[in-house]
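Biologist: I am new to this structure and would like to learn how to read it. Could you walk me through a few features?

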Amino acid sequence: MKKTIVLFIAFFIFISVFHIYYNADIIAKPPSFDWSRDVNLQSIKFNRTPLAGIDDDNNVVLVYPYENGEGKVGVNLYDEKLELIKDEVVDIEELNFNKILKDEIFVYGSRIYWRDNLLNKVYIGRFCDEYKKIEIFSEIENVSRMNVYSDGEFDYLAYVDKDDIFIAKIKDGSVKTIEGPKNQLDIKDIKVFKDSQKIYLQFAKKDKSVGCKEIFVSECDGENWSKPLMLNKINEVKISIKDMSIFADDVNVYSIITIQGDNKSSFTYIVDGYDKKTKKTFETLKLNNAMKYGVGDFSSIPAIINSTNEGIELITTAPTTIDIYSRNASNVVKLLLDDSGIKKVKLLSKTKSWSNRPNYIKGNYEYVFWNESENGYNQIKGATTEKTVFNRTTNKTRKVIAEAIGEEVPVLISFNFLLSFGGRFISIFPALMWLVYIFMYNEKMQKKQDKMFLIGIAIFYVFQLVTIKDFYVPQAMAFMPNVLKISGAKFIYPTIFTAIGWLGANFYKKNANVKEGYKLYGTFLVVSYILMNHLYSPYLFK
């Protein structure tokens, strides 16, 4: 009996180690081949999109509300490896996060722009004295809305002064202002974008006669603005416009309006646009998710980050099935979009928490930041394409191994039990009936016990072959390692565990001189059935 117990324990431990190794591999695996795992950066009370920039030394600057957000600003400076260089608190009375809308503060390098929505004043400043101070070098009064876009060489500040639109072109503290489209009344929002040829202005106006918001785009080739082109008219009944943005690729200009209905955890993107050359508009796209690519309902306002020869790229968050570790948790995804819809998807983060409010910056490397709520605070996390961070966060560290072992604990204490005596009881029922039969007629079958044992093995084996398909349901297969999904797996593994059970029973027979056939057969069932269920149980309870 001792050899049988040793055999059972050895295989049980081997299977558990296999589970743990596989868990560790899944945990450490990056979200995409060139993106790191998450790095913890900040813990703050304010639920805002992480405010990030890249300075002239390619350091990452994270700006956040300090304490109550009144008159003090926190500044974290990180190197390219996301290692903290300095942590400063800047005293500046004019910058009060409580009086700044979430989409009206911007950081580009060491430059910072914001609008006080109580004073209707825009401030243009820069960090100085090694991030210990913010110097305000320009102010603009009577501004009802503002937006900033930087093409790397110049910053373009678009703002609304009463019923007039202006664009300030800014470089090295020098500000040159041009007028925007004329005679645009009752502007509710404004966004600006600049490509290699033109400035594009997107603005929303209220049509009081029908209560709709009209979305327009106008272009400037240097001094002259085109006649605004209306791309959409949105009635804010039962929905609200949460954001809008504008971008362009080589072919099209894109307008994206983010709306939200009764479900406050999801967003819909309304995409309009037109061909740059012909000005012909394309059909409106309404995007709630990208189920075709394993991406569920979008859970954040998107940020457009780049244009390619295939379309534009934007980041958002959504629950996904792309990664099995973070499956169905909201994570950061990059979408490639053109006038036909979403073409590609890439996962940029993988955590089990609900990620939201993503932001993106690019220097020598790409960086993405997002929020996660935890214990009443917002955890700011980041990921990057920087190789040192990638290697550091995708190693199988002690923390990863500990988490992998933690994933195995419920398998040991409950999953196997539930599967063996609940979910798969029918698969062993005929074998149990045979066990009862040979127990009842044990004395009469003393001379036939070997034959009865082999018949019992055959009964067990056949019913395992018939019922193993219950292991291979789509939900479970999504989590299974490839070794369990090889060709012929539904025949191979029942055969292996039947053989292990036979071996264990024979050890018992030889060492204990067992004469009762039911004891031999019972030993076989325990060894083969429990071990086989132990192998598969983690993937059936995900």
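This is a predicted model: local features need pLDDT of at least 70, side-chain atom pairs count only at pLDDT 80 or more; totals for chains, interfaces and linings use all residues.

Biologist: Which residues lie nearest the centre of the second largest pocket?

Modeller: Rolling a probe the size of a water molecule over the atoms shows where empty space is left. Here, the second largest pocket is lined by 19 residues, and Arg 37, Asp 38, Lys 399, Val 400 and Glu 403 lie nearest its centre. Strand E1 (39-44), helix H2 (387-393) and helix H3 (398-423) each give two or more residues to that lining. H3 gives the most, with three. The space in this pocket comes to about 440 Å³.

Biologist: How many of the lining residues of the second largest pocket are nonpolar, polar and charged?

Modeller: Four are nonpolar, six polar and nine charged.

Biologist: Which residues have the most contacts inside the largest nonpolar core?

Modeller: The general idea comes first. In soluble globular proteins, nonpolar side chains tend to be buried together. In this model, the largest nonpolar core has 45 residues, and Val 192, Leu 201, Ile 256, Val 271, Leu 287, Phe 298 and Leu 337 have the most contacts inside it. Another core, of 28 residues, lies apart from it, with Ala 404, Leu 484, Ile 500 and Tyr 539 among them. Back to Leu 287: beyond its neighbours within four places in sequence, Leu 287 is in contact with residues including Phe 267, Tyr 269 and Ile 342.

Biologist: What span should helix H1 have?

Modeller: At 1.5 Å a residue, the 27 residues of H1 (residues 2-28) should span 39 Å, and its end C-alpha atoms are 38 Å apart, which agrees. Among the buried residues of H1 are Leu 7, Ile 15, His 19 and Tyr 22.

Key. Residues are numbered from 1 along each chain as its sequence is written. Side-chain values use heavy atoms; hydrogens and water are left out. On a 1 Å grid over the protein atoms alone, a cavity is a set of points where a 1.4 Å probe fits but cannot get out, and a pocket is an open set with protein on both sides within 12 Å along at least five of seven lines; lining residues have an atom within 4 Å of a point. Grid points are joined across faces, edges and corners, and a volume is the space filled by probe spheres set on the points. Helices (H or I, at least four residues) and strands (E, at least two) are DSSP runs, numbered from the N terminus. Ala, Val, Leu, Ile, Met, Phe, Trp, Tyr, Cys and Pro count as nonpolar, Asp, Glu, Lys and Arg as charged, and the others, Gly among them, as polar. A nonpolar core is a set of buried Ala, Val, Leu, Ile, Met, Phe, Trp, Tyr and Cys residues joined through side-chain atoms within 4.5 Å. Buried means under 20% relative accessible area, exposed over 50%, partly exposed in between (1.4 Å probe, protein chains only). Contact means heavy atoms within 4.5 Å. The expected span of a helix is 1.5 Å times one less than its number of residues.
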